[in-house]
Amino acid sequence: MSYKRLPYMYDVLPFSPTSPDDSWQNTALCQYVEAKFREVCRRFGYREIRTPILEPTELFTRNIGKGTDIVSKEMFSFQMRGEHDISLKPEGTASVVRACIQNRLLIDYPMLKLYYIGQNFRAERGQKGRYRQHQQLGVEAFGVADPQVDAEVISLAVTFYGELGINDCELKINSVGTPASRVAYAEALRDFVRPYLSDMSEEGQTRFEGNPLRMLDTKSERDLQILENAPHLVDYLDAESRDHFEKLQDYLSALGIVYTLDHRLVRGFDYYTKTAFEIVGKHLGSQSALGGGGRYDGLVKDCGGADTPGIGFGLGMERCLITLQEMGVELPLPPGASQVFLIVLGDDAALVRRSLQIMAELRTNGIAVDRDFRSKKFTQQIKTADTFKARYALVLGENELAQNVIQLRDQTTKEQKEVALSGLVAELKGLFAG
């Protein structure tokens, strides 16, 4: 019996997939993007945290919001024997908050800046850039309520995309105020929509009752037409939220970060307060959001910790890679696994032992080397070296062994020269350094 991967999942391969549309599913590309994200986070003073993929279901149902799509229909949840209900985590923030509270990080480090790279799981209908298992790059900053931190978090995300070469994305911002100010706005929004409620989509009508702000986050053209002249949330903000939002805009302008005010931007989680933002690409069709986030000043307290302000974001790895592919951006990828390929001509015991010693010496000195253990023919071995894109080939036969030398072949120029085995490491290091 043969098996295939589950729907709306994908494999990441050590070589480029045969389909050009799937060329982003390459481990070298993923490693490059991850390394770039880690480097940008390091420069901004963020430290890595890793959390389990399984968490108590209540961590998400209580804090993300039961009326959100994620909790109502998109979580992988189940019950283990003798255990509480558990779920594969659908997002990263709640897990990070739980870990910080449980491990006293917010007590020992009152100002805490963290980043993570991890897998999230959602039982949603898949499409391009939207998978049931996806990798998220995220940051969380705790302990500071000042909008300067909001500007820094947004600047980190913009810097990351810019350094990857994604410079044509759009930053959208809004303020969702406080829970109290949202109550007043929710009633005003219901009052506006009520005369048109029967004309709205089924999803819009459901959200009208359970979570009216989520009506704004719709793809329905019919709903968008109805909501075109709806009241704006910013007009219902309390004085503190309004001041916070005005200062954020001033700081973004000071940093030279271009943004657009989007009055329909509310994000998908109930825990957001004040700042909400989203980064939108131009190469993903309907799934245009590259990532987004916002402030969540009440989340830590709701999860059992002290009253601690926080802000963060999550960026989708898959959408980032697809965007780079669609834009034709060439990333400076690291060399392949085999910088050097050893070709052994013969199976004499002494020759085999010496070849193993050479490979061990190169690896000990930080040089990646491999060989084809199947074939003794030069043509087959050199073909394998080309398949694995080795930069140099080393040819060792009985004559070379007798003279303590080896043939060094440049796989690009096809030039070849003899090198003493005693000086091989130094020779290769010199070539790679150049």
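Mentor: Axes are lines fitted to C-alpha atoms, for helices over the stretch in contact, and angles run from 0 to 180 degrees between N-to-C directions. Helices (H or I, at least four residues) and strands (E, at least two) are DSSP runs, numbered from the N terminus. This is a predicted model, in which local features need pLDDT of at least 70, side-chain atom pairs count only at pLDDT 80 or more, and totals for chains, interfaces and linings use all residues. Residues are numbered from 1 along each chain as its sequence is written, and side-chain values use heavy atoms, with hydrogens and water left out.

Trainee: At what angle do the axes of helix 1 and helix 12 cross?

Mentor: Two packed helices are described by the angle between their axes and the distance between the axes. Here, the axes of helix 1 (residues 27-43) and helix 12 (residues 317-327) cross at roughly 110° and come within 11 Å. The crossing is right-handed.

Trainee: Which residues make the contact?

Mentor: Contact means heavy atoms within 4.5 Å. Helix 1 contributes L29, C30, V33 and E34, and helix 12 contributes M317, C320, L321 and L324.

Trainee: Is M359 buried or exposed?

Mentor: Buried means under 20% relative accessible area, exposed over 50%, and partly exposed in between (1.4 Å probe, protein chains only). M359, found in helix 13 (residues 349-364), is buried, with a relative accessible area of 2%.

Trainee: What does M359 touch?

Mentor: Not counting residues up to four places away in sequence, M359 touches L342, V369, D370, R371 and F373. M359 and L342 are 17 residues apart in sequence and 7.8 Å apart in space, C-alpha to C-alpha.

Technical notes: Left-handed = near helix turned anticlockwise from the far one by under 90°.
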